[in-house]
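Let's walk through a few elements together, one question at a time. Please keep the viewer open as you read.

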Amino acid sequence: MRTRLSLNTDSMRRMLLPALIVAIQLASPPAAAQQARLRAEEGPHFVGVPVRLQVTAEGFDETPQPQIKVADPPQGRLELTGVNPSISTSIQIINGRMSQSKWVQFAFEYQYLAQTPGEQVIGPFRITQNGKQASTGKLRLVIGEIPVSSRQRLRLILPQGPLIVGQRVPVRLEWWVPADLRGTLSNPRLAVPLFERLDAFRFHDPEDPTADIALTIDTASGPVELAATTHSELWNGEQYLVHTLTRRLTPLRTGEYELAPASLVVDEAIRWHRNLFGERILTRARKHRVEDEPQTLIVQDLPRAGRPESFTGTVGPGYRLEVAADRSVVQVGDPIRLTLILRGDAAVETAVLPPLTADGGLSPQDFRIPNEKIAGVYTDGAKRFQVTVRALHEGVTAIPLLAFSWYDPERREYQTTHSQPVALSVRPAQVVSAEDVVSAVPEEPHDRTLDPGREPTTNPEAGSKARQRPVFSLTGADLAITTDIDALLEPSGSLLTSVGAQAVAYGLGLLVILLALLARRRAQADPADLARTKALRTHRTAVTEARSITEASAALRRMVATAGIPLPSDLDRFLAECDALAYAPGGASRTLDGPMRARALLLADQLLKEAR
């Protein structure tokens, strides 16, 4: 009896255990409550050395990204450097019941740069998302002051005098290290307030093949490594290693900028030990601070007085402009491709080409000039522009001087350079008249019996052809109808009734039908297309029969005009060669040789193919 009771009790326990687990899970609070934590990297912390902070938020949805807000600390600068979401999913199966949970965490990375020593308070941080929110506590940091090194030097070297908007100038940052400290300094971190003024200045870092060291600069968006060079120099009787970092600065707007001093923090090793492999391991170091003097940078606007029409905003010491044309002998309306190359001692890659009509350049009465802006390509220290113009009349004798202007900050005045003129020989254009187009629809002769109001033709040749027209006559034919079956079935001995004659007759009938279909298709074709095709073939024949270079080029030009298609580049080059040869003394009557004739015929065939 006891054994049976024990079995019943065990069965009841097994039955009640899953229900008890479910009840506990339903009664427990949700695990996805919002919470946020704030922590900082391990100290000690110093003035001018960035401190990394991290805010982690849990219990929020995967999307959208939560918003985070914090008050600006009064004694330092706090910058958000990145957000890293982390999502994980877990599945549990208990007594055949499956439960799924998702864990979402957002990590907000910050960088804090203290400006004064002492205890400083950061936070709280508040995170919000679709009605959900969480806050961190406040973080207290003790900021120490780094002793200033008396042996090291830091110099930010700016150009003398006021700068001009758009002027590109070099800016050098020099770090002087005593030669006896070589190998004992590590982890240098620079802070240059000038490099933070991206609202007023643009910086360009050219590649330097002589660079042998990289210096780390702390910025609002994170650390940046820039290449620097090293050389030895003597100062106050002591030998120094000078690390020089050079950047190109371009002012974007005017103003007087008060710049806080550039500073550097570096670790100096004071204790080492060697490992099993004989390598020296740093065990103790002390920080040193090196600081420059505050400076003022003045930026002025470009003067408006005396500004040339060909000035497009380029500022620098000097430039020169070269212009070349792809041909010197042309006909009116032929394309002339100009290549303009701008060289200079400053920012050539950002230069903009002025209008070709500026300062007495191309005249709209002499040339057809494109209206769109001309984009250039910077290669091999020069900027190259290409543009196509067309001469409008045969009175044009040259591509005139083209101007380019810039502002010279050393002379404090505008300067202008001009290209050399390019001689041109412009000949009258070949005009395609109505006689060059042969009609493809000949006039049909009319019979007076069909058109009584039309006068008979006076063309004797046409009359001769009319008189020679064969006449079908039934005179003498036996038109009687026979009913004799034997006579109808009797085979005839005539050649026309043979099997071969019948086959030929059927074949001729099919041929007539085919010709009728072709004639119908031809009749349905566009008369203008037929006329153009016939005219192109006529001009193609003229190319074949041409005896001189002038005749061949004229026939090819008529083909282009008749086809109504853009001038192909290979034909354009061929016509340019023909014009150059024809322009030479005695070239107008120069005989078309075999290679030139072959090229002309090949180009003519290509035109016929493209016109279809």
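Two strands count as paired if DSSP finds at least two bridges between them. The model here is predicted.

Q: Which residue in strand S17 is the bridge partner of Ile 213?
A: Strand S16 covers residues 213–219, and 7 bridges join S16 to strand S17 (residues 222–235). These two strands run antiparallel, with a hairpin of 2 residues joining them. In S17, the bridge partner of Ile 213 is Ala 228.

Q: Which residue of S16 does Arg 189 stand opposite?
A: S16 is also joined to strand S14 (residues 185–191), by 2 bridges, and that pair runs parallel. In S16, Arg 189 stands opposite Thr 216.

Q: How many of the 7 residues of S16 are buried?
A: Buried means under 20% relative accessible area. S16 is mostly covered, and its count of buried residues is 5.

Q: How far apart are the end C-alpha atoms of helix H7?
A: Helix H7 has 15 residues (569–583), so at 1.5 Å a residue it should span 21 Å. The model agrees with that expectation: the end C-alpha atoms are apart by 21 Å.

Q: Which helices are among what covers the buried residues of H7?
A: The buried residues of H7 include Leu 571, Phe 574, Leu 575 and Cys 578. An α-helix has 3.6 residues a turn, so residues three or four places apart point the same way. The cover of the buried H7 residues includes strands S25, S26 and S34, and also helices H6 (549–563) and H8 (594–611).

Methods
Residues are numbered from 1 along each chain as its sequence is written. This is a predicted model: local features need pLDDT of at least 70, side-chain atom pairs count only at pLDDT 80 or more; totals for chains, interfaces and linings use all residues. Side-chain values use heavy atoms; hydrogens and water are left out. Helices (H or I, at least four residues) and strands (E, at least two) are DSSP runs, numbered from the N terminus. The expected span of a helix is 1.5 Å times one less than its number of residues. Buried means under 20% relative accessible area, exposed over 50%, partly exposed in between (1.4 Å probe, protein chains only). Contact means heavy atoms within 4.5 Å.
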